[in-house]
Amino acid sequence: MRTKIVAGNWKMNNDSSATSALLQELKKANQTSNARRIVAPAFTQLAQAVKLLEGTTIEVAAQNMNAATSGAFTGEVSASMLKGVGVATVIIGHSERRSLYNETDVALAEKVAAALSGNMEVIFCFGEELSDRKSGRHFDVVSHQLKTALFEITPDSWKHIILAYEPVWAIGTGETASPEQAQEMHAHIRSLVHQQYGETVTTSLSILYGGSVKPNNAKEIFSQPDVDGGLIGGASLNANDFMAIVNAF
Ligand code: PEP
């Protein structure tokens, strides 16, 4: 059984007072779907968010972590530090981490392994660039990303993996993949995982779509058979928009 999930990646937005205001609104909002709701504030707001959301069903994720457990890594944060403030889910491989901080799939494989051995759940992001799509290489690029970063993990570890397909050309651009484009890629992803790991892993694997999901397009995207929810950037900063997306199932 695949879980429906809507996760909001706040990126480097929302200081302490904005975090408090947005979370108060989300706490009051009416949820009509049964989707898991996850918010991913900046590191500095994680403990605050965990505290504010105590006793609710809204979960908190981090946007990144380091593959090492401790040591001389200035500015970095480990899995156990995240666990220590009550965060059990982490986004790994977001396209901004890949493009701005040169995170490769090989380096991301190490982060995934570290997150799993720290008992964390991973939202693993990947997706092709516009040039890949234009040249028809998008399926190959996505296959390569997945195989390099994830295909060394054990079948059992997939219980702790959520995939987020995010075509880079659709992130923050207002240009969404069409529901058909999202569906064909999600079906491709599911079949790749199936070939490698089989039925048990695949039937319970949630694959989210990310890239300019908004209240006005969420329903159509989420109605695709292989789309299990969304990773939301811009629209997750507004409680009404985020909840409209959560309730779009
Ligand atoms: C994202 O950054 O993961 C994202 C999907 O952003 P947006 O929804 O703003 O395109």
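The dialogue below considers the ligand site and then the salt bridges.

Guide: Please note at the outset that this is a predicted model.

Visitor: Which residues come nearest to the ligand?

Guide: The ligand has 14 residues around it, of which Lys11, His94, Glu166, Gly172 and Ser212 come nearest. Sorted by class, this shell consists of 8 polar, 4 nonpolar and 2 charged residues.

Visitor: Where do polar atoms of the protein lie relative to an oxygen atom of the ligand?

Guide: One may look for pairs of N or O atoms within 3.5 Å. In this structure, a polar side-chain atom of histidine 94 is 2.8 Å from a ligand oxygen atom. As for cover, the ligand on its own has 290 Å² of accessible area, and the protein covers 97% of that.

Visitor: Let us turn to charged side chains. How many salt bridges are there?

Guide: Side chains of opposite charge can pair when their charged atoms come close. Here the count comes to 12 salt bridges. One of them joins arginine 36 to glutamate 121, with the closest N and O atoms 2.8 Å apart.

Visitor: Is glutamate 121 buried or exposed?

Guide: Buried means under 20% relative accessible area. Glutamate 121, at 15% relative accessibility, therefore counts as buried, whereas arginine 36, at 21%, counts as partly exposed. A further pair, aspartate 132 and arginine 137, has its closest N and O atoms 3.3 Å apart. In that pair, aspartate 132 is buried at 8%, while arginine 137 is partly exposed at 41%.

Visitor: What does the salt bridge between aspartate 228 and arginine 190 show?

Guide: Its closest N and O atoms are 2.8 Å apart. Aspartate 228 sits in the loop between helix H10 (218-222) and strand E8 (229-232), and arginine 190 sits in helix H8 (residues 179-197), so the pair links distant parts of the chain, 38 residues apart. Both residues, aspartate 228 and arginine 190, are buried. Through shared partners, salt bridges join Arg2, Arg190, Asp226 and Asp228 into one network.

Note on methods
Residues numbered from 1 in each chain as written. Predicted model: local features only at pLDDT ≥ 70, side-chain atom pairs only at ≥ 80, totals over all residues. Heavy atoms only, no water. Near = heavy atom within 4 Å. Polar contact = N/O pair within 3.5 Å; in protein donor to acceptor, adjacent residues only side chain to side chain. Areas by Shrake-Rupley, 256 points an atom, 1.4 Å probe, with all protein chains shown as cover. Nonpolar A, V, L, I, M, F, W, Y, C, P; charged D, E, K, R; others polar. Salt bridge = Lys/Arg side-chain N within 4 Å of Asp/Glu carboxyl O. Buried < 20%, exposed > 50% of the residue type's maximum accessible area, 1.4 Å probe, protein only. Helix = DSSP H or I, 4+ residues; strand = E, 2+ residues; numbered from the N terminus.
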